[in-house]
Amino acid sequence: IENNALNETIGGTAAGQPNTIAFNGGAGIFVTGAGTDGHKFSANRIYSHNTALGININFGGGANNNQAAPTISSVTKNGSNYDVVATLTSGATIEFFRANNAAAPAVSPDVPAGEGFQFLGKCTDDTGGGAAACVGPHVNLVADANTTGGTVQARILGTGLADGDLLSATTTHSTNGTSQFASNFPLPILVCTVTNTLDSGAGSLRDCINYANSNPG
């Protein structure tokens with residue numbers, strides 16, 4: 001997308017809108033040129049080692065107003081789900097993606113910037129001090145401990161992710177358009193190690209069984 005083109009949309013969350021963008025000899029999507037702005041990319045499956053970035057925004061040329069990618073700050077295991085904290089442009093929308101896929105087709109994510117094999121859902125930052133609005137097949141809203149604009153908290157359901165998967169995301173701003181993918185964030189792998197032969201207490205087999213039961217998945 002180039003030469004001062006404006007406001008193109010690739011993909012979307014409605015049935016039939018998302019695209020599969022893979023196996024390219026360059027970027028999956030490339031946006032270049034000052035004034036080439038407002039291009040929005042949503043819910044697409046972008047994967048399988050496009051030889052350049054999955055989404056490549058030519059920042060030197062000012063494309064998409066140099067929209068910055070979000071930053072995934074933390075991921076905490078919550079039962080079989082994952083609570084995510086991310087920062088992004090105030091008032092923008094963040095889309096979450098699983099970057100890898102172990103089953104066929106086997107997908108190894110780009111490093112460090114993710115691609116997006118599976119769309120998980122999206123959240124729109126609320127600059128009015130409330131929680132973000134989240135929708136999608138594998139995402140739920142959680143109480144936002146930091147209601148300042150530019151911070152989003154969401155719960156990614158275990159139906160879309162598993163321990164050890166890599167999470168990525170994009171930011172879409174209403175005027176600028178969509179960013180490149182964020183750096184991959186590895187999901188925590190919970191481990192309990194048996195350290196003694198006692199029937200109960202810290203480090204016992206019973207302790208690890210109770211730990212596993214309280215942290216399914």
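This is a predicted model: local features need pLDDT of at least 70, side-chain atom pairs count only at pLDDT 80 or more; totals for chains, interfaces and linings use all residues.
Residues are numbered from 1 along each chain as its sequence is written, and side-chain values use heavy atoms, with hydrogens and water left out.

**The cavity**
- A search of the whole structure turns up 1 cavity of 30 Å³ or more (a set of points on a 1 Å grid over the protein atoms alone, where a 1.4 Å probe fits but cannot get out).
- The largest cavity holds about 40 Å³ of space, a volume being the space filled by probe spheres set on the points.
- Its lining residues (those with an atom within 4 Å of a point) include Phe41, Ile55, Glu95 and Thr170.
- Strands β4 (40–42) and β9 (93–98) each supply at least two residues of that lining; strands are DSSP runs of E, at least two residues long, numbered from the N terminus.

**The rings**
- You'll find 4 aromatic pairs here (rings of Phe, Tyr and Trp, its six-membered ring, with centres within 6.5 Å).
- Tyr47 and Phe117 pair edge-to-face, at 4.9 Å centre to centre and 80 degrees between the planes (over 60 counts as edge-to-face).
- Tyr47 lies in strand β5 (residues 45–47) and Phe117 in the loop between β9 and β10 (118–124), so their pair ties together parts 70 residues apart in sequence.
- Tyr47 is buried, at 8% relative accessible area (buried means under 20%, with a 1.4 Å probe and protein chains only).
- Phe117 is buried too, at 6%.
- Ring pairs link Phe23, Tyr47 and Phe117 into a cluster.
- Arg45 lies over the face of Phe117, 4.4 Å from the ring centre (the cut-offs for CZ of Arg are within 6 Å of the centre and within 35 degrees of the ring normal).

How values were computed: On a 1 Å grid over the protein atoms alone, a cavity is a set of points where a 1.4 Å probe fits but cannot get out, and a pocket is an open set with protein on both sides within 12 Å along at least five of seven lines; lining residues have an atom within 4 Å of a point. Helices (H or I, at least four residues) and strands (E, at least two) are DSSP runs, numbered from the N terminus. Rings of Phe, Tyr and Trp (its six-membered ring) pair if their centres lie within 6.5 Å; planes under 30 degrees apart count as stacked, over 60 as edge-to-face and the rest as tilted. Buried means under 20% relative accessible area, exposed over 50%, partly exposed in between (1.4 Å probe, protein chains only).
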